[in-house]
Amino acid sequence: MALVPLDPLFVGTVVVYFLVILGIGYYGYVKTEDEVDFLVAGRSIGPVVGGATLSATQMSAGTLVGTFGIHYLLGFGFIWIWPGLWAGWIVSILLVAPQMRRFGRLTVPDFIAVRYGDDGADGDYARAIGAILIVIAYTVYLSAQITAGGLIFQSLIGVAQEIGMFIMVLTAVIYTSIGGMRASILTDFVQAVMMATGVLVALPVSLYFLGGLGGINAIFQSFQPSIVGQALSTADIVGFMAAFGFSIAAAPYEITRIYSMRDEKTVRQAIGITLIFQAIIGTSVALLGISMRVMFPNLSTPDLASVIMSLNVLGPILGALLIAAVFSAILSTVDSVMIVSGAGLAHDIYGKLINPDASDTRMVWANRISVAVLGTIPFLLALNKGLLGGLVQLIVVLQASMMGGMFFVPLVFGLHWKRANTLGGVTAMITGFSTVVIWHIGTEIMSFVPESLTSVIGDPVIPGVFVSFVTLVAVSLATRTPSPKCLEPFFKDVTVTDGGSEE
Amino acid sequence: MSLSSQLLTFLAVAVVYIGFTFLWGWYKGRQEDREEASTDENTVDTSGGGR
């Protein structure tokens, strides 16, 4: 059942929003001629649109549903995860993003295939392993977004959550598979602006109702000071910071955006702009989350906090704006992840291993079909929520941990340590990923990791990155040095001569 | 710590991150422009002064 009867103005605003998004998808379709257009928008993106797309991609349902809900549940202190995440962006601007833009291919597995290309198949095996791991981690991520979408539809119009999930998947699959990266980036721009506007407009209205910051502070200081203080342990906060920080520096969906930008200068400016977007949205979401705790202290699930706010507090137009912002957050991440995940199947496995002679048109269609297939699997996973844990934010963190565990070390060391070789890089990816998965099972599902460890290590990304680092260094040092052809694209002082030797 | 002080501390941290990012971008951009200019000069020199 719907939570409240919907105002026609509210419904109209949300419908117009969806039509605009689908219209942009059609525009992207018209402009897409080949795979470079489909996957990296012809490398034409400037700093402002670039910054907006990095923001919209990163801030998903995890932010406007999950983070909002966690603030509702635990209070303002959760805001300190952001500096951890931004540390990931600082690592990216210093050590990853400009270097990856200079390299300038289409996908992260393209990097793996070149840098870790001494596998006897010109890097195609290494590429396939990277692509498969990305598809698995992003399937988990998409299921969180779809779960959130279903929950919102259920709250808004009273349909079953499964039907809501289906509507979300269908919308995202249609505009992403026809419009590709160009549509995805343009909708991201609209969506980032919607998110920032939505929360910025909602914040003063909500503070006005509660007597400002002082009013909220006074209410909680008297009976639950942890809501305006810190409810989480230091290990938990550090764990969340590490999960987001490690993953964002190596996130394939952000790196694909970086490939789409004009040049390295654009990349640096775009990262600065995304931090501004994130500071605005992160601060607003934290304050709105605790405001909702005052106004509606007994919600059935914290993930509903942002939806309830838009329906009950903000009135039809502002409410619709915030709901559109929530849908924006979900769709902008879903489209980016679908493109990256689809490219893992189409570009990295089909195009490189199965049918290397495929025409441009065939490759674009292979990408479109992959997007459709990879939208369906997480939908099925989302129907079985128990497997991944309940709350949206926690599923998002699990995906972030997987991504950080498998890619952070191979990416950063691959770009800056010449001795890192193929065997080291590939085993580091596999062991990092496996450690995160085993740790998650051992703590969340089967409880075989001792409590003495879990009380100190707040997130599986920490052991994941550690194991990945040790494996990369140990295996690389114990085996042959990489060939010059794997190093030349990344190190200015290495060139390949005709005989294949290093100069 | 009150909510306002927490908020101000957080915003101050955000400003440090954002400031660093733009400063680094500006510094690296200038460095790359200089490198590009010196590469161009060398190219002109080796081609006999450009005339």
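The structure is a predicted model. Over all chains, it holds 17 aromatic pairs. Among the residues treated below, A:Phe103 takes part in an edge-to-face pair with A:Phe111 and in a tilted pair with A:Phe490.

**Aromatic pairs of A:Phe103**

- The rings of A:Phe103 and A:Phe111 are 6.2 Å apart, centre to centre, with 85 degrees between their planes, and the pair is edge-to-face.
- A:Phe103 has a relative accessible area of 9% and is therefore buried, since buried means under 20%.
- A:Phe111 is likewise buried, with a relative accessible area of 1%.
- In the pair of A:Phe103 with A:Phe490, the ring centres are 4.9 Å apart and the planes stand at 40 degrees, so this pair is tilted.
- A:Phe103 belongs to helix H5 (residues 81-103) of chain A, whereas A:Phe490 lies in the segment after helix H20 (484-487) of chain A, so the pair ties together parts that are 387 residues apart in sequence.
- Both A:Phe103 and A:Phe490 are buried.

**An aromatic cluster with residues from chains A and B**

- One aromatic cluster is formed by A:Trp80, A:Trp82 and A:Trp86 together with B:Phe10 and B:Tyr17.

**Charges over rings**

- A:Arg293 lies over the face of A:Tyr72, at 5.6 Å from the ring centre.
- The ring of A:Trp365 has the charged end of A:Arg368 over it, 4.8 Å from the ring's centre.

- Helix H1 (residues 8-31) of chain A contains A:Tyr27.
- With a relative accessible area of 40%, A:Tyr27 is partly exposed.
- Although A:Tyr27 and A:Ala183 are 156 residues apart in sequence, their C-alpha atoms are 6.9 Å apart in space.
- Leaving aside residues up to four places away in sequence, A:Tyr27 touches A:Arg182 and A:Leu186.

**Packing of helices H17 and H19**

- In chain A, helix H17 (residues 422-445) packs against helix H19 (residues 461-478) at an angle of about 155 degrees, and their axes are 8 Å apart.
- Because angles over 145 degrees count as roughly antiparallel, H17(A) is roughly antiparallel to H19(A).
- The crossing of H17(A) and H19(A) is right-handed.
- On the side of H17(A), the residues making the contact include A:Leu423, A:Gly424, A:Gly425, A:Thr431 and A:Trp439.
- On the side of H19(A), they include A:Val461, A:Pro463, A:Gly464, A:Thr471 and A:Ser476.

Methods. Residues are numbered from 1 along each chain as its sequence is written. Chains are lettered from A and ligands numbered from 1 in the order in which they are written. This is a predicted model: local features need pLDDT of at least 70, side-chain atom pairs count only at pLDDT 80 or more; totals for chains, interfaces and linings use all residues. Side-chain values use heavy atoms; hydrogens and water are left out. Rings of Phe, Tyr and Trp (its six-membered ring) pair if their centres lie within 6.5 Å; planes under 30 degrees apart count as stacked, over 60 as edge-to-face and the rest as tilted. Buried means under 20% relative accessible area, exposed over 50%, partly exposed in between (1.4 Å probe, protein chains only). Helices (H or I, at least four residues) and strands (E, at least two) are DSSP runs, numbered from the N terminus. A charge sits over a ring if NZ of Lys or CZ of Arg is within 6 Å of the ring centre and within 35 degrees of the ring normal. Contact means heavy atoms within 4.5 Å. Axes are lines fitted to C-alpha atoms, for helices over the stretch in contact, and angles run from 0 to 180 degrees between N-to-C directions. Angles under 35 degrees count as roughly parallel, over 145 as roughly antiparallel, 65 to 115 as roughly perpendicular and the rest as oblique. A crossing is left-handed if the near helix is turned anticlockwise from the far one by less than a right angle, and right-handed if clockwise.
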